[in-house]
Amino acid sequence: RFAEYAFNKSHAAAYAVLAYRTAYLKCHYPKEYMAALMSSVLGENLKMRQYKEECVRLGFDLLPPSVNKSGVYFTVDGKNLRLGLAAIKNVGEAFAKQVVTEREKNGEYASFEDYLLRTQSGGTSRMTEALIRSGSFDSFGMARSRLVAALDCSGSKLSSIKSNFASGQIGLFESIGDENELFKLDYPMIDEYDKAKRLEDEKELTGIYFSGHPLTEFTSYAKSKGATSSAALYEGLKSGLLKEKQSIVLVGMLTYKKTKVTKNGGVMAFCGFEDLYGETELIVFPKTLEEAGERLKEGRVISVTGTVSVKEAYDGEGEDEIKILVNAVEEPKANGEMDSPALYLKITDGNAKLVDTALAVLSAAPGNSSVCLYYERDKKLFSPKNIKVQITESLLESLKQMLGERNVAVKDRK
């Protein structure tokens, strides 16, 4: 009966119509719908990452920004979406509109110099640097580090050209076959930023990684540990499946760390934690903080074992919050550092004569996994050092037919 007087039916009808229209657009025009949705949350990095994952789930991706392809806001680009220039931190909607309007009016930017000449009246070096570091000039084939270095010395040249043009000493394109002859930059021969730096810039400026993700190198480790994702935590909270004090494992990156002195004089920490799907907060008590040591540093990828703590919304307003009470912190192994499982073969009196044939089959399937031969009669384990194999279903099937179903196994090596 509460709904009869507390929730106006006309209000409910309006929400129902809005929900139907939204669902219709998402179903029939998913790319256009997601472009509009992401344009409505500019600067909200967490939502931006969640919506990017939703794009992938719907079958398309979010492309990186480009001065020659991006619109002011998010747009449909072929079978995918393209990040809008206004979504880049320090660029701003006004300058993004200028860059796009100039391109639509006079054609794509032919070079970095061409861009600077055509947009100098409305932008600042800070805006252009943000475009560089976010990858908006990557299509020109020049390293981001070299573009940033060249930008530092471009100001005086642009000012000189602008001054001469304003005083009438030269016409900007008069008597010049190519405007690039008027304005040439020197690009220092320096190394490109490393991948970690590029990813850090992309995340800082757009809220999204485009050149990869620091955590993709640890997916095998996370799977081997049965790690939970932050998205699964919140889904579990909504569905009621997540329980207070439930033990979990998370693999992700520490985004910030704030320490606090307790009443007993110890030091505890509150840390931001991010994985491939979202964010959560860690609470690290003094003993665990001391044991973790240098592993708990901002920007480090860590594996956390802890228990769930749910803080309910006050008086029913807002959303419940999840915090993880950390019990242990480990340094995870990258995918390439993970120990490959070993192939175990039991040699019995019945199949001993086929050992040489089996070794020949193994030698024809080179890989990274060790081979262990267990001789049942002698109860000895032998591992040929010169044989490493790639374990495949076809290889296992061949060996099982040769040595027997029960005499072939794949196990983690002790």
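1. Lys245 is exposed, its relative accessible area being 66%. This residue belongs to the loop that joins α13 (230-239) to β4 (247-261).

2. For the protein chain the mean pLDDT is 85, with 88% of the residues at 70 or more. Residues 172-179 have a pLDDT below 50, and in the model this stretch makes eight contacts beyond near neighbours in sequence. Where pLDDT is low, the predicted coordinates should not be read in detail.

3. A positive phi is also found at Asn90, at about 80 degrees, and Asn90 is not a glycine. Asn90 lies in the loop between β3 (80-82) and α5 (93-106). Is Asn90 buried or partly exposed? Asn90 is partly exposed, because its relative accessibility is 31%, which falls between the limits of 20% for buried and 50% for exposed.

4. Thr124 is placed in the loop connecting α6 (112-119) with α7 (125-133). With a relative accessibility of 41%, Thr124 counts as partly exposed. Along the chain, Thr124 and Phe95 are 29 residues apart, and their C-alpha atoms are separated by 9.2 Å.

Notes:
Residues are numbered from 1 along each chain as its sequence is written. This is a predicted model: local features need pLDDT of at least 70, side-chain atom pairs count only at pLDDT 80 or more; totals for chains, interfaces and linings use all residues. Side-chain values use heavy atoms; hydrogens and water are left out. Helices (H or I, at least four residues) and strands (E, at least two) are DSSP runs, numbered from the N terminus. Buried means under 20% relative accessible area, exposed over 50%, partly exposed in between (1.4 Å probe, protein chains only). pLDDT is the predictor's confidence in each residue, from 0 to 100. Contact means heavy atoms within 4.5 Å.
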